Amino acid sequence: MANQVKSDKDYSQYFQPPSLSDAKKRGKEEIAVHYDFHIPEDMQGFGKDKYYLIRTYGCQMNEHDTEVMRGLLEQMGYQSTEDKYQADVILLNTCAIRENAEDKVFGELGHLKALKAQKPGLVLGVCGCMSQEEAVVNRIMQKHAFVDLIFGTHNIHRLPGLLKDAFYNKEMVVEVWSKEGDIVENLPKKREGIRAWVNIMFGCDKFCTYCIVPYTRGKERSRRPQDVLAEVRDLARQGFQEITLLGQNVNAYGKDFEDITYSFANLMDDIRKIDVPRIRFTTSHPRDFDDDLIEVLGKRGNLVEHIHLPVQAGNTEVLKRMSRKYSREHYLELARKIKATMPDVVLTTDIIVGFPGETDEQFDETMSLYEEVGFDFAFTFIYSPREGTPAAGMEDNVPMEVKKQRLYRLNELVNAHSKASNEKLLGQTVEVLVEGESKNNADVLAGRTRTNKLIHFTGSKELIGQMIDVKVTHAQTWILKGEIVQEPLKVSI
């Protein structure tokens, strides 16, 4: 297979650079839902006696996209491998949220260059969110011409045809749709383990000024309720113990429906009645987290007491520059309402430090908000500009040393709260979903509580995949340790 790209090939028909003004002009054109997906007949045995490897970067949405690609490849006859030397197809499913995620991918491409030279028949592809950025695609074409295939987030269902083109073509195959795709149902998925992810919607219309996602994932498109519920019921029949509903902003689910009135609260209320032990969701946007949803979550059952609710900053002016569309006071009131309905809720969050223009006083408001809400944990980040976003045009006037000092202070607070929260569980018996062996000790099992806390304990490997009761005996900053309780947990209803 030739690896050189013709210099005069015009790729502009496939993608356009991110444009805030164009993206915000998103129309109300109807998104079609397709139920007739199938692997083309000439591709159904294409992967016989061949192997694939997918490296996944980024969020749960990317992990779920990988499950779809695994399903497609295995229906084509491919087998999974973790050995890059055995693989006939290697796909890098990429993330565009932060610059270091891109650096990792380009570093991996550098490592794969020698392998591609040794094994010219290898099909090497780059997909995911990075592929939706024009600058990234240009860089791959110019500096990594050994890549065979580039495709984006809207056309994963086209993988069989794209793979065929990449295998037979004498030049790089690029298909990155700048317009959002329709919703394609009935795609095969290769899931493993006891937990499953279910996409309920795609895209985001919030346009936070630092975020590239509205461009890489497109406008908000909700799956039809009957399709989501059918998938969850099927996973319940298969015995999955925990299902996480996915969306860039799950709280906006259903707002794009024009023929029915059906919200995320309605969906959660319906899923609550399906026989799956645990239901989670991510990610929430505070702007769309309404009272109806809080009321449904208060019904408990399989709806767990953990909510990830990204705040990003604790100062209203910074939130305004971020275009988060809520104030400090709004967020605090939302947290108060949630806790009033669910007193034992565990709230976690995301925080960016050093956003353009953030003063010491404004950062102190983030610290005080963290204290006031009483978060259990936070994912914390130093702001770095993403090309194509409005914030990239703002003056990045917070010195890196100041950003690092703020991150250090914030992480000290996060760690203290995390440990204090864990210590409150000492002596308590908690319900644990046993996920597998500890990463560091094969003789120890690891599982998670309903509030998503990691706990280690000793027990038979036959317990993996089961719900058990564990008494907490030790509390550390990041993990709990415990002992299995033989008597069933008494729950008062």
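Contact here means heavy atoms within 4.5 Å. With that in hand, welcome to a set of close-ups of a predicted model.

**View 1. Helix 7 beside helix 8.** Helix 7 covers residues 225–238 and helix 8 covers residues 264–271, and the two pack at an angle of about 30° with their axes 11 Å apart. Angles under 35 degrees count as roughly parallel, so helix 7 is roughly parallel to helix 8. Their crossing is right-handed. On the helix 7 side look for Val228, Leu229 and Val232, which meet Leu267, Asp270 and Ile271 of helix 8. By class, this contact has 5 nonpolar residues, no polar ones and 1 charged.

**View 2. Phe264 and the largest nonpolar core.** The largest nonpolar core holds 69 residues, and Phe264 is listed with Leu245, Met268, Phe289 and Ile307 as having the most contacts inside it. Setting aside residues up to four places away in sequence, Phe264 touches Ile200, Leu245, Val250, Asn251, Tyr253, Phe281 and Leu293. A second, separate core has 31 residues, including Leu53, Cys95, Val137 and Met172.

**View 3. Leu187 in its loop.** Here we zoom in on the loop between strand 8 (183–184) and strand 9 (195–199), where Leu187 lies. Is Leu187 buried or exposed? Buried means under 20% relative accessible area, so Leu187 counts as buried at 16% relative accessibility. Its partners, apart from residues up to four places away in sequence, are Phe37, Val68, Leu72 and His157. Gly71 is 116 residues from Leu187 along the chain, yet their C-alpha atoms are separated by 7.7 Å.

View 4. His64 counts as buried, with a relative accessibility of 3%. Which residues is His64 in contact with, leaving aside its neighbours within four places in sequence? They are Lys189, Arg191, Trp197, Val198, Asn199 and Leu246.

**View 5. Helix 11 against helix 12.** Helix 11 (residues 328–341) packs with helix 12 (residues 360–373) at an angle of about 15°, and their axes are 11 Å apart. That makes helix 11 roughly parallel to helix 12, and helix 11 passes helix 12 in a right-handed crossing. From helix 11 come Arg328, Tyr331, Leu332, Ala335 and Lys339, facing Glu365, Thr366, Ser368, Leu369, Glu372 and Val373 of helix 12 across the contact. Sorted by class, the residues of this contact are 5 nonpolar, 2 polar and 4 charged.

**View 6. Helix 12 meets helix 13.** Helix 13 spans residues 400–423, and its axis comes within 11 Å of that of helix 12, crossing at roughly 10°. This pair, too, is roughly parallel. Asp360, Phe363, Asp364, Met367, Tyr370 and Glu371 in helix 12 meet Val402, Arg406, Arg409, Leu410, Leu413, Val414 and His417 in helix 13. The contact divides into 7 nonpolar, 1 polar and 5 charged residues.

**View 7. Ser421 in helix 13.** Staying with helix 13, we turn to Ser421. How does its accessibility classify it? At 13% relative accessibility, Ser421 counts as buried. Beyond its neighbours within four places in sequence, Ser421 is in contact with Asp376 and Lys453. Phe377 is 44 residues from Ser421 in sequence, and the C-alpha to C-alpha distance between them is 9.2 Å.

Notes:
Residues are numbered from 1 along each chain as its sequence is written. This is a predicted model: local features need pLDDT of at least 70, side-chain atom pairs count only at pLDDT 80 or more; totals for chains, interfaces and linings use all residues. Side-chain values use heavy atoms; hydrogens and water are left out. A nonpolar core is a set of buried Ala, Val, Leu, Ile, Met, Phe, Trp, Tyr and Cys residues joined through side-chain atoms within 4.5 Å. Buried means under 20% relative accessible area, exposed over 50%, partly exposed in between (1.4 Å probe, protein chains only). Helices (H or I, at least four residues) and strands (E, at least two) are DSSP runs, numbered from the N terminus. Axes are lines fitted to C-alpha atoms, for helices over the stretch in contact, and angles run from 0 to 180 degrees between N-to-C directions. Angles under 35 degrees count as roughly parallel, over 145 as roughly antiparallel, 65 to 115 as roughly perpendicular and the rest as oblique. A crossing is left-handed if the near helix is turned anticlockwise from the far one by less than a right angle, and right-handed if clockwise. Ala, Val, Leu, Ile, Met, Phe, Trp, Tyr, Cys and Pro count as nonpolar, Asp, Glu, Lys and Arg as charged, and the others, Gly among them, as polar.
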